[in-house]
Amino acid sequence: MRRYGKHTDEDDIRTRPNRKGNRPRTSIRPKHEDAAEGMVLTVDRGRLTCLVEDRTVLAMKARELGRKAAVVGDRVALVGDLSGKKDTLARIVRIEERSSLLRRTADDDDPYERVVVANADQLAVVTALADPEPRPRLIDRCLVAAYDGGLEPLLVMTKSDLAPPDKLLELYGALDIPYVVTSRDELENGDAADRVREHLDGRITAFVGHSGVGKTTLVNALVPEDLRRTTGHVNAVTGRGRHTTTSALALPLTVTDGWVIDTPGVRSFGLAHIDPSRVIHAFPDLEPGTEGCPRACSHDEPDCALDAWVEEGHADPARLYSLRRLLATRERNEGD
Ligand SMILES: Nc1nc2c(ncn2[C@@H]2O[C@H](COP(=O)(O)OP(=O)(O)O)[C@@H](O)[C@H]2O)c(=O)[nH]1
Ligand SMILES: [Mg+2]
Ligand SMILES: [Zn+2]
C-alpha cells in the first residue's frame with residue numbers, strides 16, 4: 001500500500017501550481033473527500049474485493065464512474081459501508097491514476113481491450129519447460145505487453161525437472177531479462193519460492209502465462225496460507241484438486257512488502273492496442289538510433305535507421321533482431 005505515492009508524487013509536482021491558484025478548491029478537488037483508500041484484490045462479476053486498511057471490503061462501482069472499469073491492482077476511493085461484514089457492499093467512487101497498465105486485446109481482430117492488471121511494477125512471464133511445451137510467441141507477446149504497459153519483465157521457467165532451459169535461455173539471452181528456473185523438487189524444499197522471492201521485494205508482480213504452467217503453484221508457494229486467507233480467497237486459491245483461476249487475484253507478501261498477482265491462464269495475448277514507440281523505449285541502447293527513422297517507422301522496413309545504427313557498432317545486432325521479433329508478434333495473433 002505504500003506505493004500509493006509512486007506516480008502521485010510526479011503528478012503533485014505537475015498539478016501543484018493549479019492547486020495554489022485562485023480556482024476554488026472545491027472545483028478541483030474530487031468529490032467524496034471522506035472516501036477511504038483501497039486496493040482492488042479481485043473482481044468477480046462486477047463485485048470487487050478491496051483491501052481497506054487491514055480488512056477486505058466487497059464493493060461495486062458507483063454509477064458515476066460510467067464505463068470506466070476498476071481492475072485488480074487499482075487504487076480506489078470507497079464510500080458506504082466499509083465494515084467488511086457479510087452482506088455489506090461499499091461503492092467505488094474514484095479510480096486513482098495508474099502507474100502502469102497491463103492490457104491485452106481479447107483477439108487482434110477485436111479491438112476491445114481487456115485490462116488485466118493495474119499498477120504492477122513487474123510482469124512475471126511464466127512458462128513451463130515442458131507440459132505444456134514452451135510457446136515462445138506467447139512469451140514474446142507478453143513481453144511486448146509488459147514493455148508497452150510500463151512493467152519490467154521477469155522470466156520464470158518452471159518444470160525444469162521435465163526439460164532443460166537451454167533453448168529458451170538462448171532465445172531470450174539478448175533481451176537481458178532477469179530469469180528464474182524452478183523444478184518440482186525446488187518447489188517442495190522451498191528453494192523455488194526463495195529464488196523467485198528475490199525478484200519480488202517491495203514490488204507488485206503480476207504472473208501471467210498459459211494455463212498449466214504452474215503460476216498458481218508458485219504463487220501459493222510464495223504466499224503463506226494464513227495470508228491467503230486474510231484476503232478471503234483461500235478457497236479460490238487452494239481448492240482441492242486441480243483448480244482453475246478465473247479472475248486475477250492480488251496477494252500480499254508481508255515480509256518483503258510486495259504483492260503477487262495470480263492471473264487466469266492466457267491462450268493468446270492480443271496486442272492490437274500496442275504502440276511500437278513504447279516498446280522501443282524498453283530498448284534504451286537502440287532508441288537513439290531511431291532518430292534517423294522515417295515518420296511512423298515500423299522499425300522493420302528498408303528505410304529504418306536502426307540497421308545503419310547497428311552496423312556502425314552502436315548496438316548489438318542480436319538486440320535489434322530481438323526487438324524486431326517482438327514487434328513482429330503484433331502482426332499475427334498466435335499463441336505459439
Ligand atoms: N513436474 C512439475 N510440475 C509442476 C511444477 N510446477 C507446477 N507443476 C504442476 O503443473 C500443474 C499446473 O499447475 P498450476 O499451478 O495450476 O498452473 P497454472 O494454470 O499456471 O496456475 C499442477 O499439476 C502442478 O502440480 C514443476 O516445477 N514441475
Ligand atoms: Mg492458475
Ligand atoms: Zn525505424
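Start with Arg184: an N or O atom in its side chain sits 3.1 Å from a nitrogen atom of ligand 1. Keep in mind as you look around that this is a predicted model. The side chain of Asp161 brings an N or O atom to 2.7 Å from a nitrogen atom of ligand 1, and Lys159 places a polar side-chain atom 3.0 Å from one of the ligand's oxygen atoms. On its own, ligand 1 has 580 Å² of accessible area, and the protein covers 82% of that.

Next, find the zinc ion, ligand 3. It is held by Cys293, Cys297 and Cys304 through their SG atoms and by His299 through ND1, with these donors 2.2 to 2.4 Å away. Along the chain, the donor residues follow the spacing C-x3-C-x1-H-x4-C. Why is the arrangement called tetrahedral? Because the angles between the four donor atoms around the zinc run from 104 to 113°. For comparison, the ideal angle for four tetrahedral donors is 109.5 degrees.

With a relative accessibility of 8%, His299 counts as buried. Cys293, another zinc donor, is buried as well.

Compare that with Asp176, which is also not a glycine and has a positive phi, near 55°. You'll find Asp176 in the loop between helix 4 (166-172) and strand 10 (179-181). Is Asp176 buried or exposed? It is exposed, because its relative accessible area is 64%, and the cut-off for exposed is over 50%.

Finally, trace the chain around helix 3. Helix 3 itself covers residues 136-149, and its 14 residues reach 20 Å from the first C-alpha to the last, close to the expected 20 Å. Most of this helix is covered, with 13 of the 14 residues buried. Just past the end of helix 3 comes Gly150, with a positive phi of about 85°.

Note on methods: Residues numbered from 1 in each chain as written. Chains lettered and ligands numbered in written order. Predicted model: local features only at pLDDT ≥ 70, side-chain atom pairs only at ≥ 80, totals over all residues. Heavy atoms only, no water. Donors = N, O, S within 2.8 Å, 3.2 Å for Na, K, Ca; no water. Tetrahedral: all angles 85-135°; square planar, octahedral: opposite > 155°, others 65-115°. Buried < 20%, exposed > 50% of the residue type's maximum accessible area, 1.4 Å probe, protein only. Helix = DSSP H or I, 4+ residues; strand = E, 2+ residues; numbered from the N terminus. Expected span 1.5 Å × (residues − 1). Polar contact = N/O pair within 3.5 Å; in protein donor to acceptor, adjacent residues only side chain to side chain. Areas by Shrake-Rupley, 256 points an atom, 1.4 Å probe, with all protein chains shown as cover.
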